[in-house]
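Q: Please take a close look at one chain of this model. I am new to the structure and would welcome a connected account of how that chain is built and what it touches.

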Amino acid sequence: MRSRRPEPAPVPSTAGISRRSVLMAAAPAAVLPLAACTGGGDVSEEKTLTVLAGSEIRDLEPLLAEMAESIGYALDITYQGTLDGTDALVSGGPGEYQATWFPSNYYLSLFQQSAALIDQQSPIMSSPVVLGLTSEAAARLGWSAAQPPSWQDLIEAVRAGSLTFGMTSPLSSNSGFSTLLEAATALSGTGTALAAADIPAVVEPLTAFSAGHALTAGSSGWLAERFAENPGAADGIFNYESVLSGMSIGGQPLVLIAPSDGVVTADYPLTLLSGASEEARTAYQAIVAHLSSEEIQRRIAETTRRRTSTTTAGDAVVFETPYPASLETVQALLRTWFEQTRKPSRMWFQIDTSGSMAGERLEALKTALGVLTGREAQSANESLLALQPRETLTIREFDSVLGPAHTFSLSEDQDPAGVHREMDAMIDSLEAGGDTAIYSSLAQILQEAAGEATPETFTSVVVFTDGENTAGMDLADFRKAYSAGEYSAGSSDGGSIPVFAIAFGEADSQELADLTELTGGRVFDAGDDLTAAFREIRGYL
Amino acid sequence: MRSKATAGIIGGAIVIVLVVLLGVAYFSRSTGFNPFGGSTVEVRGIVGSEKADFFRDPEVIALFEKHDLAVTVDTAGSWEMGRKPGLTETYDFAFPASDVAGRRIQQENPDATRSVSTPFFSPIAIATFQPVLDVLAQNGVATKVGDTWQIDMDAYLALVSQDTRWNQLAGSEAYPSSRSVLFSSTDIRSSNSAGMYMALASYSLNGDEVVSTPEQASAQVDQLSRLFIGQGYAQSSSAGPFERYLSRGAGEAPLVVIYEGQFFAEQARENSRITDQMVLAYPSPTIFSTHTGVTFSEGGDAVMQLLSEDPEFARLLAEHGFRTSGPNAGVFDQVVAEHGLQGSYRPAGEFVDLAQMPSYEIMTYLLETIGSRYEIQTP
């Protein structure tokens, strides 16, 4: 087990989605594994490679466990998002990691440090990021794998109100980033890789595109789960071909659409980091040889639906989107997305400041809330987690009762720093005391949030707590009222406000998991790194 | 070199004694040496990724063992490997895919270098697809000469300078991409095959003459940069783009700059992934990549000598698509014929239109100038 916070395992779903990974189905929803050592304790440390990896490769864990059995080499994997993990490597060096296994090394390769960080890399498998549409939507739009729309066509469909979609946050998840890059590159119309100078021209079409953005998430796996559970929420989702081709909605497989201008394909390079020991190098070579062998390549293709050396390209020609060669371009694109074009977030944070939070925990909370004001940002990308132009955030403390609302809005022409400093001052004034009335407080917040929710924003509630519910209504009461629609009255969009929860200290993770499942949200176990949990949850808002 | 704790202190001591006895300087690099098992010498090399499959082929390993050598290799881009810290201490030989890169390693390590040799070479080629060639043929860019296809560099470079999109070409229904016509290569900043492509393009742009003056070189920088910057991100080693070519089909990249041998090695192996739609074309003119071994130890010398002279190695090299020179020239054509693939690969004698590499200084100038263009892209 490692300390860095991974992306939580997708919540298993039994209906709709026919995912085949045994391991995923076995992962409990609320108890989130921090790291997975594939192959158990039999493999010695010298024969184990410590790997920082994207959560996308969780579905390989059964094959990796078999690998440990058959060749005696294992991976000790810590999961983290591609951009996040890369930023950490670039700023902190390999540290405890001997290797990485992200969906792609594209982003890492943009940093000057990459040459010094990467010893060698071997792509193991691949999967493009495409649009998976319900068969009904595909028929209505007249699109098919053989007759794919261009990105221009996609935007026109959104403008006409006939296409809504889900995609992950480009900051937290490689599939969301790939989707954004596909769109921006195609819409720039240059025919070559996107350059920073091309970006101003794509602001308008990207903004139009965002109007159809109905489902968001911080991870590809969770987006797929969410869509499978709630297929009415969008006409389709952007995700890996490997994830989408395993899904069906209403008994019908999704129609996979690769926009005619091009898609971005993840190629999953297993990468040996510089400075790895002789033992690690030997282990790396043995593992790559094993994973690249014909039998394992075939099994990867069968069990994960990714393309490998044993699969042949399909009949339809799918064009590949070139990737920008400069870091500035990528950062400018992300900045544009969050500051100008993305559908803005309306966030409600319900913050536990009961007596048990006094002392170190309160300090940890203040630091973690700094994620939302940018004062904890350690990279250009992390600063995008702060409250962005067009977004609104309400922070409400609760203990025995719900405290007053502190609401912060940032308009497009406002200096963010000023508002962020006001938020900092409010956060620093938090004090601990009293009981923990989770559900009574949440009921009040949901009613307010529902009253304000519109389809033009992503409205969500985050409940942070470090203890069990000790006052006011309990979960059963809440569930009853929630199911009766008491908290969505008078709203155009209120029925679908997801409630996310951050479990800290003695919080009851299982109960919070039940709560978030009820509302279409997700629980995050903060472990000992509350700031990382806040960073991660921001990807879902 | 990190210590192998598992070997044990006593074993390590014996190894050291043997090192002294044998006077073998590269022993500190040995990892699994068995002091009682005979005279097998461990040799470690760093090679361009295009040669990794060769060195990891069990038959090649077995043949080296027959000569009492246990050869292991790491891979790196040919221009990158010279910058590896501790290159000459970690490795017994470096084996980039160009004589210019090899000479650079030699120049930077004059004391450690024992020998430089060029046992085999690979023509630069273009991996493409029949529908793509058909579109190019309709537009006068590709022609079939004898049995093999060739792509006219001047006509191609003209399309690039006009920023032609695939869907603007005659007959492009077969390949209706909105992307610009552009070869895909490796990263010019780190990889030899991209460097070879750049050298080739500079030769064509210079009216089929080697770029030999700084003025000629700087006049070409804009056009050459477009060939690489326009691609966006590129992989750092040549195995990458070809692997993508094989696994992704024409949509990934319609025209991929490769070494000819990569295509042959794939086509010759069992369960080849080369379909009848995949075609090897030669640029016209083309350019040879001269694989250049720079040795830092006796073990490295032994490896290079075998690769240069041994007929059994020549056959294995040919199976992997490398054309041996010297005493075993002609083995490649023979092996191609044995696979029934004569016609798909141009016989050695028929390369008439060959571009030459610019000097080390001109290459360095062009590579560095183009490389620096990657960093200034903000408006």
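To begin with chain B: of its contacts with a separation of 6 or more, what percentage is accounted for by residues 24 or more positions apart?

A: The share is 73% of the contacts in chain B with a separation of 6 or more. Two residues are in contact here if their C-beta atoms, placed from the backbone, lie within 7 Å. The model is predicted: local features need pLDDT of at least 70 and side-chain atom pairs count only at pLDDT 80 or more, whereas totals for chains, interfaces and linings use all residues. Residues are numbered from 1 along each chain as its sequence is written, while chains are lettered from A and ligands numbered from 1 in the order in which they are written.

Chain B contains 15 helices and 10 strands. These elements are DSSP runs numbered from the N terminus, with helices (H or I) of at least four residues and strands (E) of at least two. Of the 379 residues in chain B, 51% are buried. A residue counts as buried if 20 or more other C-beta atoms lie within 10 Å of its own, as exposed if there are 12 or fewer, and as partly exposed in between, with C-beta atoms placed from the backbone.

The next level of description is the domain. Chain B is assigned domain 1 (5–120 + 290–344) and domain 2 (123–288 + 354–373), with bounds that come from an automatic or database domain assignment. Taken over C-alpha atoms, the centres of domain 1 and domain 2 of chain B are 29 Å apart. Where the two meet, domain 1 of chain B supplies 27 residues to the contact and domain 2 of chain B supplies 25. On the side of domain 1 that touches domain 2, the elements of chain B giving two or more residues are α2 (52–56) and α5 (99–108). The most comes from α5(B), with four residues. That side of domain 1 has nine nonpolar, 12 polar and six charged residues. In this division, Ala, Val, Leu, Ile, Met, Phe, Trp, Tyr, Cys and Pro are nonpolar, Asp, Glu, Lys and Arg are charged, and the others, Gly among them, are polar.

The largest nonpolar core has 272 residues. Such a core is a set of buried Ala, Val, Leu, Ile, Met, Phe, Trp, Tyr and Cys residues joined through C-beta atoms within 7 Å. Those with the most contacts inside this core are A:A184, A:I502, B:A125, B:A127, B:L200 and B:A281. The element that gives the most to this core is α8(B), with nine residues. In soluble globular proteins, nonpolar side chains tend to be buried together. Setting aside neighbours within four places in sequence, B:A127 is in contact with B:F242, B:Y245, B:V256, B:I258, B:F263, B:M278 and B:L280.

The loop between α7 (153–161) and α8 (192–205) of chain B holds B:S177. B:S177 is buried because 23 other C-beta atoms lie within 10 Å. Apart from neighbours within four places in sequence, B:S177 is in contact with A:F319, B:W166 and B:N167. By contrast, 42 Å separate the C-alpha atoms of B:S177 and B:A314, which are 137 residues apart along the chain. The loop between α7 and α8 of chain B also includes B:D163. B:D163 is a residue other than glycine with a positive phi, near 50 degrees. With 15 other C-beta atoms within 10 Å, B:D163 is partly exposed. Elsewhere, B:P285 lies in the loop between β8 (278–284) and β9 (288–295) of chain B. The peptide bond joining B:S284 and B:P285 is cis, with omega about 0 degrees.

Lastly comes the partner chain. The contact between the chains takes 34 residues from chain B and 33 residues from chain A. On the side of chain B that touches chain A, β2 (69–75) and α10 (239–248) of chain B are the elements that give two or more residues. The most comes from α10(B), with four residues. By class, this side of chain B divides into six nonpolar, 16 polar and 12 charged residues.
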